[in-house]
Amino acid sequence: MTADLARKAFEKNTDQRQALEYICNELKENLDHYDWVGFYFHHRTEAKLILKAFAGEPTEHTEIPFGKGICGQVAESDENFRVDDVNAQENYIACSLFTKSELVVPIFINGKNIGQIDIDSHQKDAFSRDDEALLKDINAVVAENIKLETLNV
Ligand code: SME
């Protein structure tokens, strides 16, 4: 898989949310260790994340305050967060009891953290540097194409 799938997503879909959903679905369908894929964006005024697109089981955590869980910590740290075993994390929000490991990679526009991609896996130790590199490249394409006003976060 390469970031080309993200370019294709924005070529095929004029609707921003549908383009993000396309990326989520492609990643989940093509990579066995990706069991849930979602994009959260920073709310425009409040310190919270809003889920805008996902593939996998629906979650009740469609809004996450900054600082809470793996996602909320990435909103503040601006760093990738790879969790090999979610049960060993204290500040963690469980979306599915099947999830064993997780990877969150922030999205930057002009150096500003504006959101993130979140991947959950049913396998422990599922993610490597290759996943981090792929998601960083995908996020760069998302950053180039996304219009936050249209996305309405
Ligand atoms: N596990 C995340 C919450 C989002 S769900 O995985 C979809 C966290 O701890 O922030």
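Author: Helices (H or I, at least four residues) and strands (E, at least two) are DSSP runs, numbered from the N terminus. The model is predicted: local features need pLDDT of at least 70, side-chain atom pairs count only at pLDDT 80 or more, and totals for chains, interfaces and linings use all residues. Residues are numbered from 1 along each chain as its sequence is written.

Reader: How many residues does α2 have, and what does α2 span?

Author: The expected span of a helix is 1.5 Å times one less than its number of residues. Here α2 has 15 residues and runs 21 Å from first C-alpha to last, close to the 21 Å expected.

Reader: Which residues of α2 are buried?

Author: A residue is buried if 20 or more other C-beta atoms lie within 10 Å of its own, exposed if 12 or fewer, and partly exposed in between, with C-beta atoms placed from the backbone. In α2 the buried residues are Q16, A19, L20, E21, Y22, I23, C24 and L27. Their cover includes α1, β1, β2, α4 and α5 (148-151).

Reader: Where are the buried residues of α4, seen down its axis?

Author: An α-helix has 3.6 residues a turn, so residues three or four places apart point the same way. In α4, D131, L134, L135, I138, N139, V141 and V142 are buried. Seen down the axis of α4, these buried residues fall within an arc of 160° (taken from the directions from the helix axis to the C-beta atoms), so they line one face of the helix. R129, A133 and E144 are exposed on the other side of α4. The cover over the buried residues of α4 includes α1, α2, β5 and β6. This helix has 17 residues and reaches 25 Å between its end C-alpha atoms, close to the 24 Å expected.

Reader: Which residues of the largest nonpolar core touch the most other members?

Author: In soluble globular proteins, nonpolar side chains tend to be buried together. A nonpolar core is a set of buried Ala, Val, Leu, Ile, Met, Phe, Trp, Tyr and Cys residues joined through C-beta atoms within 7 Å. The largest one here has 39 residues, and I23, C24, V37, F39, C71 and I138 touch the most other members. Elements that each supply at least two residues include α1 (4-12), β1 (36-42), α3 (69-77) and α4 (129-145). The largest share, six residues, comes from α2.

Reader: What does C24 touch?

Author: Two residues are in contact if their C-beta atoms, placed from the backbone, lie within 7 Å. Not counting residues up to four places away in sequence, C24 touches V37, G38, F39, A53, F54 and A55. Of these, A55 is found in strand β2. A55 counts as partly exposed because it has 19 C-beta neighbours inside 10 Å. Apart from neighbours within four places in sequence, A55 is in contact with C24, N25, K28 and V37.

Reader: Which residues come nearest to the ligand?

Author: A residue is near a molecule or strand if its C-beta atom, placed from the backbone, lies within 6 Å of it. Of the 15 residues around the ligand, G69, I70, C71, I93 and C95 come nearest. α3 gives the most to this shell, with four residues.

Reader: Where does N110 lie?

Author: N110 lies in the loop between β5 and β6. Its phi is near 50°, a positive value in a residue other than glycine. N110 counts as exposed because it has 6 C-beta neighbours inside 10 Å.
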